[in-house]
Amino acid sequence: MHTLLDLVRRHTNGHSDRSGFAPTPFRGLGAVRVLHPGELQVAVQKPLIAICLQGRKRVTIGTKSFEYGAGEALVITADVPTISQILDASPSAPYYAVALELDAALLRALTTEADLRPVDAGPIHVEPADADVMDAAQRLLRLMDRPSALPVLGDALIREMHYWLLTGQHGAAIRSLGRADTHADRIARAVALIRQDYAGTLRVGDLAAEAGMSESSFHQHFRAVTTLSPLQFQKQLRLIEARRIMLMDRAGIAHAAHFVGYESVPQFTRDYARLFGMPPGRDMREARLGA
């Protein structure tokens, strides 16, 4: 782990953006450096694995919170709204992590080739980081010093990382992404519909039909996969998008509320404060002051 930490430190020191994220030339792979414990960050997270190399972080989905630190990996296996916060970081000992977005098509191909059985599991897990996965990540980051090797070896190492994830201690959590027509796969189709039209009227019957389930079965499996009800999921999507357009586009509170589908601005303000811990006006003032 110390070698991987050194590689991530070197890469992020020269390539991190204002948020601390440093992309790499490899599909879905990035590194993170954060110098201070931070405010709550809310986002709709894609399936990924994040390996903490130094510091500590908390991630919350629905009513469940998970903390992970150096030598541990967070695995997220569904498109879910998350609330995260760096707990332990300083200029002398920053938070460092490496993260890989999971490629569902690649996982399906590897699952078929390796004849692995799918397992229905919750959407988020914390486990000790797998040595084979870290070794593949380490070899990937070393390739950045040899640009001529990137197009030849990069995809093969990304494929290797996915294989070790499927067959190692993270496999039970990830394997549902590698099989078509599992409950997780069906719920993912419904989630895609919600994301396409999060500001519209949510019709659970249409979502259940897309998932090929009865409404009662759909509710049960949607909550099992995302930890939220469909309405809660849509609400968090709306609030996350509203915050984005207020920050990035400097939209007013009323405009943002109506844009994401709220008819009542007071209701929007109450929901916003419950999710982000403060009303939107105060949140925007503090975020802009911090920036």
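**Side chains at a glance**

Guide: Let's start with R139, which counts as partly exposed because its relative accessibility is 27%. Keep in mind that this is a predicted model.

Visitor: Okay, what does the side chain of R139 meet in a salt bridge?

Guide: That would be E160, with 2.5 Å from N to O. The pair ties together distant parts of the chain: R139 belongs to helix α3 (residues 131-143) and E160 to helix α4, 21 residues apart. E160 is partly exposed too, at 22% relative accessibility.

Visitor: How many salt bridges are there?

Guide: The count comes to 14 salt bridges. One of them joins R27 and D155, whose closest N and O atoms are 3.4 Å apart. Here, too, distant parts of the chain are linked: R27 is in the loop between β1 (21-23) and β2 (29-34), while D155 is in helix α4 (residues 150-167), 128 residues apart.

Visitor: Which residues are linked with R27 in a network of salt bridges?

Guide: D103 and D155 are linked with R27 in that network.

Visitor: And is D155 buried or exposed?

Guide: Exposed, at 51% relative accessibility. The cut-off for exposed is over 50%, so D155 makes it. R27 has a relative accessible area of 45%, so R27 is partly exposed.

Visitor: Let's look at R243 and D283. Are they buried or exposed?

Guide: R243 and D283 are both buried. Their side chains meet in a salt bridge at 2.8 Å, N to O. This pair also links distant parts of the chain, with R243 in helix α9 and D283 in helix α12 (residues 280-290), 40 residues apart.

Visitor: Why would nonpolar side chains be buried together?

Guide: As a general matter, that's what they tend to do in soluble globular proteins.

Visitor: Back to F268, then. What does it touch?

Guide: Leaving out residues up to four places away in sequence, F268 touches L239, A242, M246, I253, A257, Y262 and P280. F268 is also part of one aromatic cluster, together with Y262, Y272 and F276.

Visitor: Which charged end sits over the ring of Y262?

Guide: The one belonging to R238, which is 6.0 Å from the ring centre.

Visitor: How many aromatic pairs does the structure hold?

Guide: There are 6. Y163 and W164 make an edge-to-face one, with 5.3 Å centre to centre and 65 degrees between the planes. Y163 is partly exposed at 35% relative accessibility, and W164 is partly exposed at 26%.

Visitor: What about F218 and F222, how far apart are their ring centres?

Guide: They're 5.4 Å apart, and the planes are at 55 degrees, so that pair counts as tilted. Both F218 and F222 are buried.

Visitor: And why are F218 and F222 separated by about one helical turn?

Guide: Because they are 4 residues apart in helix α8 (residues 215-226).

Methods: Residues numbered from 1 in each chain as written. Predicted model: local features only at pLDDT ≥ 70, side-chain atom pairs only at ≥ 80, totals over all residues. Heavy atoms only, no water. Contact = heavy atoms within 4.5 Å. Phe/Tyr/Trp six-rings, centres within 6.5 Å; stacked < 30°, edge-to-face > 60°. Buried < 20%, exposed > 50% of the residue type's maximum accessible area, 1.4 Å probe, protein only. Helix = DSSP H or I, 4+ residues; strand = E, 2+ residues; numbered from the N terminus. Lys NZ or Arg CZ within 6 Å of the ring centre and 35° of its normal. Salt bridge = Lys/Arg side-chain N within 4 Å of Asp/Glu carboxyl O.
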